[in-house]
Amino acid sequence: MEQSWKKAKAVFAAALGPPLVWLVVFFVAPMAIVWAYSFGHNVGLTEISFTGTIANYARALEPLYLKIFVKSAWVAALTTALCLVIGFPVALAITFASQKAKTWLLLLVMLPFWTNLLIRTYALIAVLRTEGYVNQTFEWFWNLGAKVAPLGAYQPLELLHNNFAVILGLVYVHLPFMVLPLYSALDRLDKSLLEASLDLGAGHLRTLFRIVVPLALPGIASGVLITFIPALGAYLTPDLLGGPDSQMIANVIERQFKRANDWPFGAALSFLLMYLTFIAIAVQALLSKGRKKEGVG
Amino acid sequence: MTKRAPPGPLEYLRRWPIRLWLLAVGVFLYAPLIALMAFSFNDSRRNIVWKGFTLKYYEKAFNNDGLIEAFANSLTIAAVSTLLSVVLGAMVALALWRFRFSGKTVVDGALALPIVVPEICMGVGMLVFFAKVLPWPQGLVWPLNLGAIIIAHVTFSFPFVAVVVRARMASFNRELEEAARDLGAGEFRTIRDVILPHMTPSLVAGALLAFTLSLDDFVITFFTAGPDTVTFPVKVYSMVRFSVTPEVNAASTILIVLTVILTAVALKLQGDPAATAGAHGGDKA
């Protein structure tokens, strides 16, 4: 039983006080200031006056920026879908592996996850760029073929600085985010249900879609959420791997703060991104709540 | 070799389509990193075709003062912010585990915010905060000049530590605490001799998490760092923007090796990753 805080006020204050003060001063206060800025406008170079205007939000919803929001959501959704499709068989294989293989496979999934994001992005640049490993390999084969048939000079594929590279990069970075929650959900499944389904004559695919997926749905939902949120707010991947037309919302926000120096507008964009994130979380929470009710009834 | 039985119905790992899939995913995840590490030893500036083994890019990286300074900054920030995060995270976890108070859900929710808020938004918040409210004095002696970044890192790390510690405390038997009290232990002693020992594995796990998060962070640091407080990711970012050079490969390889060592230590300390990977993955033997 939890203790009432009144029974040990000193301990309560000593334990909760410092973290709470830290959180309020260094997190809540900064976010509140950004929120206030989003209702202000620039006066001169560094002065911002709080006028309570919603002009920044109105501007954020103009077609130019709305398009970037929609695009970011699409890119994040596509990334999440790809991660799910790629990650599900991996999670399934890990779940039913022997204990020893399980340990190693999980380690293999987690290791890139622990590796620095910038290094992973840099590694992808080296693979994809015009003189990158992919183009090198293709050129080698091309030249091999050119000895037999006249193919002309090799035209390198433009793999970097486009939307393809951004999606590939986001999938590369976020795959472990999907596999780990999926594994954690699949691992808790009652395996006898699967065996029963197989015994009763259902094939593997049918068992997968009729038994495994419905039972693992909460885990799938949390994997989707955990992948979608960071992908939606991704900054580094579109910045380094994307081209001029692959800007995502985080890149626009960065530009407002670091180059365009329009803090109120950047603040409004940040809060819109934050609201989108909260909506995604709320939808997931509602869905899982609805499922629980169904399960009871 | 003995002849192996055909795969059982649920032994997906022994079926070839799944094996092929795993292999493809493995290549996808590892080939870029392995290529990056391999080419850090390549004796060619253009970094494409294998020309022979060399360590000269490591030498160059070690003689690159900017890079070394950034590396030292990153490690210092990670160490200090980990220490603070573990203390703050453990405190808030203890308070939330032990006490009942009005507004607990609010504290709970506020604590989750730094975890779910997009990095860019938090980075923006830090930029504004350190520009307008608490301008961090310029030109302080090292490592005090890193203060702003350390504060930012603690802010996003300690809620993660709190989550890990709370998960661990959920398995603590409250009667042990009561027994300690009955036997005459005071508050401090109960915490030190009864609660802390139970908490320790989660403190280690939380510390490793905080350390990696700090070492890994680019976006929030990018918004907090000044020109004289460059961290390793920020430095690599500015190098990568210009070109792909073997020097960056060498520096990255060192960090990857460091990460592998840290992960190995973490696993040694925590035991089986199969038991600790998922938040609830630990309920089997």
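Trainee: At roughly what angle do the axes of helix α12 of chain A and helix α5 of chain B cross?

Mentor: In this predicted model, the axes of α12(A), residues 249–258, and α5(B), residues 119–133, cross at roughly 10° and come within 10 Å.

Trainee: What makes α12(A) roughly parallel to α5(B)?

Mentor: Angles under 35 degrees count as roughly parallel. The axes cross at roughly 10°, so α12(A) is roughly parallel to α5(B).

Trainee: Which residues of α12(A) and α5(B) meet?

Mentor: From α12(A) come A250(A), I253(A), E254(A) and F257(A), and they meet I120(B), V124(B) and L127(B) of α5(B). By class, this contact has 6 nonpolar, no polar and 1 charged residues.

Trainee: How do you know which residue of that contact is the charged one?

Mentor: Glu counts as charged, and E254(A) is among the residues that meet there. The contact has 1 charged residue, so E254(A), being Glu, is that residue.

Trainee: How many residues does each chain put into the contact between chains A and B?

Mentor: Chain A gives 84 residues and chain B gives 74. On the side of chain A that touches chain B, helix α1(A), residues 9–37, gives the most, with 18 residues. That side of chain A divides into 63 nonpolar, 12 polar and 9 charged residues.

Trainee: What makes β1(A) and β1(B) a pair of strands?

Mentor: Two strands pair if DSSP finds at least two bridges between them. Here 2 bridges join β1(A), residues 3–4, to β1(B), residues 99–100, so the two strands pair. They run parallel, and S4(A) has R100(B) as its bridge partner.

Trainee: Why is H174(A) called buried?

Mentor: The cut-off for buried is 20 or more other C-beta atoms within 10 Å. H174(A) has 25 C-beta neighbours inside 10 Å, and therefore counts as buried. H174(A) is found in helix α7(A).

Trainee: What does H174(A) contact, leaving aside its neighbours within four places in sequence?

Mentor: H174(A) is in contact with T79(A), C83(A), T227(A), P230(A) and A231(A).

Trainee: How do you know that L240(A) is buried?

Mentor: A residue needs 20 or more such neighbours to be buried. L240(A), in helix α11(A), residues 236–241, has 20 C-beta neighbours inside 10 Å, so L240(A) counts as buried.

Trainee: What does L240(A) touch, not counting residues up to four places away in sequence?

Mentor: L240(A) touches T121(A), I125(A) and, from chain B, V240(B). Its C-alpha atom is separated by 9.6 Å from that of G169(A), 71 residues apart along the chain.

Trainee: Which members of the largest nonpolar core touch the most other members?

Mentor: The core has 154 residues, and those touching the most other members are A91(A), V179(A), L182(A), L269(A), V92(B), V124(B) and V161(B). Helix α7(A), residues 163–187, supplies the largest share of the core, 17 residues. A91(A) touches V179(A), L182(A), Y183(A) and L186(A), not counting residues up to four places away in sequence.

Trainee: What elements does chain B have, and in what order do they run?

Mentor: Chain B has 12 helices and 1 strand. From the N terminus, the order is α-α-α-β-α-α-α-α-α-α-α-α-α.

Trainee: What share of chain B counts as buried?

Mentor: Of its 285 residues, 40% count as buried. Among contacts in chain B with a separation of 6 or more, 75% come from residues 24 or more positions apart.

Methods:
Residues are numbered from 1 along each chain as its sequence is written. Chains are lettered from A and ligands numbered from 1 in the order in which they are written. This is a predicted model: local features need pLDDT of at least 70, side-chain atom pairs count only at pLDDT 80 or more; totals for chains, interfaces and linings use all residues. Axes are lines fitted to C-alpha atoms, for helices over the stretch in contact, and angles run from 0 to 180 degrees between N-to-C directions. Helices (H or I, at least four residues) and strands (E, at least two) are DSSP runs, numbered from the N terminus. Angles under 35 degrees count as roughly parallel, over 145 as roughly antiparallel, 65 to 115 as roughly perpendicular and the rest as oblique. Two residues are in contact if their C-beta atoms, placed from the backbone, lie within 7 Å. A nonpolar core is a set of buried Ala, Val, Leu, Ile, Met, Phe, Trp, Tyr and Cys residues joined through C-beta atoms within 7 Å. A residue is buried if 20 or more other C-beta atoms lie within 10 Å of its own, exposed if 12 or fewer, and partly exposed in between; C-beta atoms are placed from the backbone.
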